[in-house]
Amino acid sequence: MAIYKETIQLKSHGVTPTFLDITPQVKEAIANSGIQDGIVIALTAHTTCSVFFEEFVHDYVGGDGIDKDTEFLQIDLNKCLQKIVPDQMEMPPAGGYMYPGEAHFVDVESWPNAAEYLPDGDRHALLNADAHIKATMLGNSATLEVIDGKLGVGSTGYIYFVDFDRTRERPRKARVIVMGE
């Protein structure tokens, strides 16, 4: 059995969840692998991000806003998740969230790159309990079949990466692992 790996470089925009179609990059990794039959796994190691398989919808929010490239079904998914896990807007314990607690703040403040996570020392930049919970609910990977060297899904089956963290824009990564013969 052969194993092939690639990393996809991405960027989230912050403010709202960032949904990105990574289907073309996954198809390219399959082609680069030379594997004809097996499985492909798209995944992320970021704790506020998910990778999921869903239908391509054709309709977008549009306009000039930050969500202009977000598909209707992704907006619907986010609205549904919002009902279960509302955005964290207040310091704990206000708003119903316990995370992040004082020990977490103190630890992050001790990191050599603390300014990356706490711009100007603002602890509000860590208010992302909702993003962690949403990512946990959707999971960090999608596993699909490779058939005859191609992604084994129908014409409307797409693979999406989402970063639920709204606190800031940042670079993100997804990994693609192709296994088979």
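In which loop is Asp37 found? Asp37 lies in the loop between helix 1 and strand 3 (38–43). The model is a predicted one, in which local features need pLDDT of at least 70, side-chain atom pairs count only at pLDDT 80 or more, and totals for chains, interfaces and linings use all residues. Residues are numbered from 1 along each chain as its sequence is written, and side-chain values use heavy atoms, with hydrogens and water left out.

The protein chain has five helices and eight strands, where helices (H or I, at least four residues) and strands (E, at least two) are DSSP runs numbered from the N terminus. Their order along the sequence is β-β-α-β-β-α-α-α-α-β-β-β-β. Along the principal axes, the C-alpha atoms fill a box of roughly 55 × 35 × 25 Å. Of the 181 residues, 41% count as buried; buried means under 20% relative accessible area, exposed over 50%, and partly exposed in between (1.4 Å probe, protein chains only).

Helix 1 spans residues 23–33, and its buried residues are Thr23, Val26, Ala29, Ile30 and Ser33. Seen down the helix axis, these fall within an arc of 125 degrees, so they line one face of helix 1; the arc is that of the directions from the axis to the C-beta atoms. In an α-helix there are 3.6 residues a turn, so residues three or four places apart point the same way.

Asp37 is partly exposed, with a relative accessible area of 40%.
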